Amino acid sequence: MIQDIFPSKLDNSFRSVEMEENDSLLIFDRDGRLLVKDNDGRMTYLSGSDGMKNRAVYLFSIDERRYFLDDAAPEADDQSISEAYRQEGYRYYTIREIRNVFSEASLADVFAAFTAYHLWKWYADHRYCGKCGGSLERSSKERSLLCPVCGNVIYPRINPAVIVGVTKGDCLLLTRYKRGYAHNALVAGFTEIGETLEETVAREVMEETGIKVKNIRYYKSQPWGMAQDLLVGFYCDVDGDDEIHMDENELKYAQWVKREDIELQPNHLSLTNEMMKVFRDHQIP
């Protein structure tokens, strides 16, 4: 999965440090596309620049490599700088394009892009205080944003969501979204206020497919910066009637599929793909 970068290791502890020449600098445009260079299938990030030290914020490290974000406001995007980078072979990629293009050769860098996107989205969406409208400032002590006017403190948001492998003997309930991702998936959805994760599993399966479930058991979790998620995987069994009543607003496909007929996603990054593979290969714990 995307976080399986061993022997490399993510260090997400907060540090108040300045960017140096050998650090990696991540620049997102106003649409959330990341400026990188394709070196024969491997990602190359920009290096640290003295001219951007005052607007670069430390994000995290992977092994000895430090990653910084260009935290300029989107409306202050310097198109001339971007054009100069393009002449050096850099261009903007969406997070989905990064997932598709670079996942086989640069897994640690892809994971860095997803995690950086999560933080970029948080910084970009929180320029001003939601209580009084004052301009927010970065804390020098922790990963938070402070309002100097009213004292409001804002921390990065993580959205819990479930991925559900619903089983019926030798069959797994596969779906495909009506919009967006075009490959096989599992039932999924965000946890609502007041719910446990297990209640989310039961509700989402019922809402999307009309199936009742039982024997809900935890499998594994995954950070998924593309949607600022923490994905939590569960397996469960059909409870009673197995007839599917698909939510046509959400899905274009929902079927019981035998193990040997399961078609996996085109790369190995997602928890969804691993759960499909585990079921197909008789490896559910």
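**View 1. The second largest pocket of the predicted model holds about 460 Å³ of space.** The structure is a predicted model, in which local features need pLDDT of at least 70 and side-chain atom pairs count only at pLDDT 80 or more, while totals for chains, interfaces and linings use all residues. Residues are numbered from 1 along each chain as its sequence is written, and side-chain values use heavy atoms, with hydrogens and water left out. A pocket is an open set of points, on a 1 Å grid over the protein atoms alone, where a 1.4 Å probe fits and protein lies on both sides within 12 Å along at least five of seven lines; its lining residues have an atom within 4 Å of a point. Grid points are joined across faces, edges and corners, and a volume is the space filled by probe spheres set on the points. Of the 18 residues in this lining, Asn-12, Thr-115, His-118, Leu-119 and Ile-158 are the closest to the centre of the second largest pocket. Helix 3 gives the most to the lining, with five residues, and strand 6 (56–62), strand 15 and strand 16 are among the elements that each supply at least two; helices (H or I, at least four residues) and strands (E, at least two) are DSSP runs, numbered from the N terminus. The lining of the second largest pocket divides into eleven nonpolar, four polar and three charged residues, where Ala, Val, Leu, Ile, Met, Phe, Trp, Tyr, Cys and Pro count as nonpolar, Asp, Glu, Lys and Arg as charged, and the others, Gly among them, as polar.

**View 2. The largest pocket has a volume of about 610 Å³.** Its lining comprises 28 residues, of which Tyr-177, Tyr-181, Ala-188, Trp-224 and Asp-229 are the closest to the centre. Two or more lining residues come from each of helix 2 (95–102), strand 12 (159–168), strand 14 (187–190), strand 15, strand 16 and helix 5 (271–280). By residue class, the lining of the largest pocket divides into 14 nonpolar, seven polar and seven charged.

**View 3. Helix 5 is largely enclosed by the rest of the structure, because eight of its ten residues are buried.** Buried means under 20% relative accessible area, exposed over 50%, and partly exposed in between (1.4 Å probe, protein chains only). The buried residues of helix 5 include Leu-271, Met-275, Met-276, Val-278 and Phe-279, as well as Glu-274. Among the elements that cover them are strand 12, strand 13 (171–177), strand 15 and strand 16, with contact meaning heavy atoms within 4.5 Å. Just after helix 5, His-282 takes a positive phi of about 55°.

**View 4. Tyr-117 and Trp-120 belong to one aromatic cluster with Phe-28.** Rings of Phe, Tyr and Trp (its six-membered ring) pair if their centres lie within 6.5 Å, and planes under 30 degrees apart count as stacked, over 60 as edge-to-face and the rest as tilted. By this rule the count comes to eleven aromatic pairs. One of them is the tilted pair of Tyr-117 and Trp-120, at 5.5 Å centre to centre with 40° between the planes. These two residues are three apart in helix 3 (residues 107–125), and so are separated by about one helical turn; both Tyr-117 and Trp-120 are buried.

**View 5. Tyr-219 and Tyr-235 form an edge-to-face pair, 5.5 Å centre to centre with 70° between the planes.** Tyr-219 lies in strand 15 (residues 213–224) and Tyr-235 in strand 16 (residues 229–238), so the pair ties together parts that are 16 residues apart in sequence.
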